[in-house]
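Q: Please take a close look at the place where the ligand sits, and describe it step by step.

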Amino acid sequence: MKILIVVPTYNEVQNIDKILTKILSISNADILIIDDNSTDGTKEKIKNNPQFNQRIHLIERTAKLGLGTAYVTGFKWGLSRQYQIFFEMDADLSHDPQEIPNFIKKLEENRFDMVVGSRYMNGTISVVGWDFRRLLISKFGNWYASTILNLKQFSDLTSGYRCYKREVLEKINLDNIKSNGYAFQIEMVYRTYKKHFKISEIPIIFYERESGGSKMSGKIAREAAVMVWKLKFFDNS
Ligand SMILES: Nc1nc2c(ncn2[C@@H]2O[C@H](COP(=O)(O)OP(=O)(O)OP(=O)(O)O)[C@@H](O)[C@H]2O)c(=O)[nH]1
Ligand SMILES: [Mg+2]
C-alpha cells in the first residue's frame, strides 16, 4: 500500500531535515514537499537529502501561493501516481510522525475514509506551547465552524494533521476548493462529509513550533470566518 505524506514548506530550514529523517525512519511512506520559493535554504536542504528523488519528492512553486493550493497541487501529483493514502503534515515539527501508524490503523480498522488528528478530543486540550490567546482563537474557530456547518460531532476541524483514502480525493472536486489558509482544513472535512465518507478522529498532541516563523495571520483567520458561510449557503459541489 503506497502512502504519500504531503508537506508544504515556506522557510523551514531549521526544521526540514529533522522532520524528513523522522518520517523516513518511522514509516515506509513517500514524502512530497510543496515549497513556495523559500529563500532560507529549505530547498537546498531537501535536495541534499540522500533520499531526494527516491522517497522524497519536491515541487517548487515560484511564490508563496498559500497552504490550500499547495495541498491541492500535492494531492493531484499523488493521484496521478499509485498512492492509496494521503497525509497532510506541517514541516515545523508540530505534528509527530510517530503517529503515522496510528492513523493508518484507524483507517483500516473501521474502514474510515478520513482520519483527523485532534487536539481536543473528549473535552481535553493536547497542545504544548500555546498561550491562552492562541488557544482561545483555535477553540473559538472550531466552535464557530462546527456550529455553522453542523459538524458538532468533530472536535478539531482546523487540525492540519490528517489522512485521506485515495477515493476521497478522487471524489472531491479539487478544482472547486475555495479556501487557502486555515479554512482549507475546515473545507476539506466539510466536503468529505458531504460526499458521505466516513470520518474519524484520533487524539494527537500538538507541539508549537520551536524554530522558524509562523505564517498564521489575521487575513487567514478572516478568510476562515467568511468561508464557512460561503460553504453553508453557496456550495453545490
Ligand atoms: N508551500 C507553502 N507552505 C506554507 C504556506 N504557509 C504555510 N506553509 C507551511 O505550512 C505549515 C503550517 O504553517 P505554520 O506557519 O506552521 O502555521 P501554523 O502551524 O498555523 O502556525 P504556528 O502555530 O505558528 O506554527 C508549515 O509547514 C509551513 O511552512 C504557503 O503559503 N505555502
Ligand atoms: Mg505550525
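What is the space taken by ligand 1?

A: In this predicted model, local features need pLDDT of at least 70 and side-chain atom pairs count only at pLDDT 80 or more, while totals for chains, interfaces and linings use all residues. Residues are numbered from 1 along each chain as its sequence is written, chains are lettered from A and ligands numbered from 1 in written order, and side-chain values use heavy atoms, without hydrogens or water.

Ligand 1 takes the space of the largest pocket (more than half of its atoms lie within 2 Å of the grid points; a pocket is an open set of points on a 1 Å grid over the protein atoms alone, where a 1.4 Å probe fits, with protein on both sides within 12 Å along at least five of seven lines). The lining of this pocket (an atom within 4 Å of a point) comprises 35 residues, and L67, Y182, K215, M216 and I220 lie nearest the centre.

Around ligand 1 itself there are 19 residues (a heavy atom within 4 Å), with E12, D36, D92, Y182 and S214 the closest. By class, this shell has seven nonpolar, three polar and nine charged residues, Tyr counting as nonpolar and Gly as polar.

A polar side-chain atom of Y182 lies 2.5 Å from an oxygen atom of ligand 1, a polar side-chain atom of E12 lies 2.6 Å from an oxygen atom of the ligand, and at P8 a polar backbone atom is 2.9 Å from a ligand oxygen. Of the 630 Å² of accessible area (Shrake-Rupley method, 1.4 Å probe) that ligand 1 has on its own, the protein covers 94%.

Conventions:
A polar contact is a pair of N or O atoms within 3.5 Å; within protein, one must be able to donate a hydrogen and the other to accept it, and residues adjacent in sequence count only if both atoms are side-chain atoms.
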